[in-house]
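Okay, thanks for coming, everyone.

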Amino acid sequence: MTAKELRASILDLAIRGKLVPQDPNDEPAKNLLARIAAEKAKLVKSGKLKKGKPLPPITDDDKPFDLPRGWVWCRLGEVLAMINVGIVIRPTRYYTQSEEGILAFRNTNVGEGFIDETDWVRVTKQGLEENQRCVLHGNDVAIARSGRPGIACLISSKYEGCAAIDILIATPNQEIVDPKYLMHCINTQFSQHQLTGMNRGIAQSHVGARSVVNMIMPIPPLAEQKRIVEKIEQM
């Protein structure tokens, strides 16, 4: 078994609830989702939050395997605070060669679970100020839209900057999902097949925001997510 195959096997066990034991004292994931949904509804009713497009319901046919007690299937959009697309970097306006420029993540900087530092691009501070929705913060998950579409890495505070147009910025709601668990879940073969269309026999070279928010994923209790992340890092 190659290192890549071993990694894929570990992540597959993780999302099936077979990597760490369950704890019956953990708060079930469905309780977390229900609480956040209620909070969002209040914000929408008060006008503080714009009502988004409803996500498709998850049918039994959508669920490829059974989950342990306390886990729940959901659409990725249910556990995200927001999702944005990066900026178009035009050399005449935003691009700079100055070391004082702001790091701009491109798809070449997104590795499968790691940040690739071999080829950086920088943008001016003005460019960043004019494109606040494209700012990358610590614990955001960067998803490549092209190149190796669908693979994801976690942004640490060391690499805060902005995202280029070939990056999706997924900001997790940390009351529901651990950012590292989210990243690992996106990098599973199960998720990759959804994002790239391989499960439909139609390989796509581009991943859009709608594909990401509609993707189904298994969500364990938050405490178990953290145990899963710890076990993955140990292995």
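Before anything else, a word on burial: buried means under 20% relative accessible area, exposed means over 50%, and partly exposed is in between, with a 1.4 Å probe and protein chains only. Keep in mind that this is a predicted model, where local features need pLDDT of at least 70, side-chain atom pairs count only at pLDDT 80 or more, and totals for chains, interfaces and linings use all residues. Residues are numbered from 1 along each chain as its sequence is written, and side-chain values use heavy atoms, with hydrogens and water left out.

So, start with Tyr 159. Tyr 159 counts as buried, at 12% relative accessibility. Who are its ring partners? A quick rule here: rings of Phe, Tyr and Trp (the six-membered one for Trp) pair if their centres lie within 6.5 Å, and planes under 30 degrees apart are stacked, over 60 edge-to-face, the rest tilted. By that rule there are six aromatic pairs in the structure. One of them is Phe 105 with Tyr 159, edge-to-face, 6.5 Å centre to centre and 90 degrees between the planes. Phe 105 sits in strand β4 (residues 102–105) and Tyr 159 in the loop between β8 (152–154) and β9, so this pair ties together parts 54 residues apart in sequence. When I say helix or strand, I mean DSSP runs numbered from the N terminus: H or I of at least four residues for helices, E of at least two for strands.

Phe 105 is buried too, with a relative accessible area of 0%. The other partner I want to show is Trp 120: its ring centre and that of Tyr 159 are 6.0 Å apart with planes at 25 degrees, so that pair is stacked. Trp 120 lies in the loop between β4 and β5 (121–123), so here the parts tied together are 39 residues apart. Trp 120 itself is partly exposed, at 26%.

Now the sheet around there. It's an open sheet of five strands, ordered β3-β5-β4-β9-β6, with mixed pairing. Strands count as paired if DSSP finds at least two bridges between them. At the edges are β3 (95–96) and β6 (135–136), each pairing on one side only. β6 and β9 (residues 161–163) run antiparallel and are joined by two bridges; Val 135 has Cys 162 as its bridge partner in β9.

Next, helix α1, residues 3–15. Its buried residues include Ile 10, Leu 11, Ala 14 and Ile 15. Just after α1, Gly 17 takes a positive phi of about 80 degrees.

Between α4 and α5 there's a loop, and Asn 187 is in it. Asn 187 is buried, at 4%. Contact means heavy atoms within 4.5 Å, and beyond its neighbours within four places in sequence, Asn 187 touches residues including Arg 7, Leu 11 and Gln 192.

Last stop: β1 (residues 72–75). Val 72 and Cys 74 point one way, Trp 73 and Arg 75 the other, and all are buried. β1 runs antiparallel to β11, with four bridges joining them. Trp 73 also forms one aromatic cluster with Phe 65 and Phe 190.
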